[in-house]
Amino acid sequence: MPLPSFAPPAIRRLAPTLRPPRLPACPAKRVVDLLGAVPLAALAALPLLVIAALLCAGQGGRAFVREPAAGLGGRPFRTWRLRTDAGAGWLGTAVERCALDALPQLLNVLRGEMSLVGPRPGPGTDRPDRLLVKPGMTGLWQVSARSDLPWEEMALLDRHYVESHWLGMDLAILAQTPRAARRHRSARGGTGRPVGTGPHGAAPGGPHRQA
């Protein structure tokens, strides 16, 4: 499948020139996941605990939610996320604005349920191609304007990743993710969620968060 025209220019330049043979499983990808997730989790642990305590105090309940998702081969698991619904107030808005609400998914990466890079995690199996790889914390959908993209275009990017991914593409996506996160933060509207998305941060027709 050719890379969609709305994919990032750097990824479009990379895709046709460097594409080694596909392997059913890539141990190097797991190594990169661990090398990235372990230090990130160590750095984020204390800030996440502080934010979780403040969210818990402000909402009077749990600070984390676990959302159903389908992993590699359709294996069910639950993703971790900070609870930032309407009861979270300004703090929840700030957490979403800074894209910190998904940081607890580093635990899913450490457990081997997710990867740092992959398709968007979701509970359904209506798109079997997504079940050929682990879902990711970031991906082509993230660096290509994130959830400002129509859901259909995000699905095309997911499909291209499944069919064409390799370690070099993963590293390129990881390198572009911080800039994409800054762009995402500046594009957020006054509601604290991406412009053009639903009240739970998902695009129409996509997976929704559970409060």
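Visitor: In which helix is the place of A37?

Guide: A37 sits in helix α2, which covers residues 27-59; helices (H or I, at least four residues) and strands (E, at least two) are DSSP runs numbered from the N terminus. This is a predicted model, in which local features need pLDDT of at least 70 and side-chain atom pairs count only at pLDDT 80 or more, while totals for chains, interfaces and linings use all residues. Residues are numbered from 1 along each chain as its sequence is written, and side-chain values use heavy atoms, with hydrogens and water left out.

Visitor: Does A37 count as buried or exposed?

Guide: Buried means under 20% relative accessible area, exposed over 50%, and partly exposed in between, with a 1.4 Å probe and protein chains only. A37 counts as buried because its relative accessibility is 0%.

Visitor: Which residues does A37 touch, not counting residues up to four places away in sequence?

Guide: Contact means heavy atoms within 4.5 Å. On that basis A37 touches L106, V109, L110 and L116, and the C-alpha atoms of A37 and Q105, which are 68 residues apart along the chain, are separated by 9.6 Å.

Visitor: How should I read the largest nonpolar core, and which residues touch the most other members?

Guide: In soluble globular proteins, nonpolar side chains tend to be buried together. A nonpolar core is a set of buried Ala, Val, Leu, Ile, Met, Phe, Trp, Tyr and Cys residues joined through side-chain atoms within 4.5 Å. Here the largest one has 23 residues, of which V109, L116, M137, Y161 and I173 touch the most other members. The elements giving two or more residues to this core are α4 (106-110), β3 (115-117), α5 (140-143), α6 (151-164) and α7 (167-187), and α6 supplies the largest share, five residues. Apart from this core lies another, of nine residues, among them A44, A63, L82 and L91.

Visitor: What are the buried residues of helix α3?

Guide: In α3 (residues 89-97) the buried residues are L91, G92, V95 and E96. Seen down the axis of α3, these fall within an arc of 130 degrees, so they line one face of the helix; the arc is that of the directions from the helix axis to the C-beta atoms. Just after α3, A99 takes a positive phi of about 60 degrees.

Visitor: How many helices and strands are there in the protein chain?

Guide: The protein chain has seven helices and four strands, arranged along the sequence as α-α-β-β-α-α-β-β-α-α-α. Of its 211 residues, 47% count as buried.
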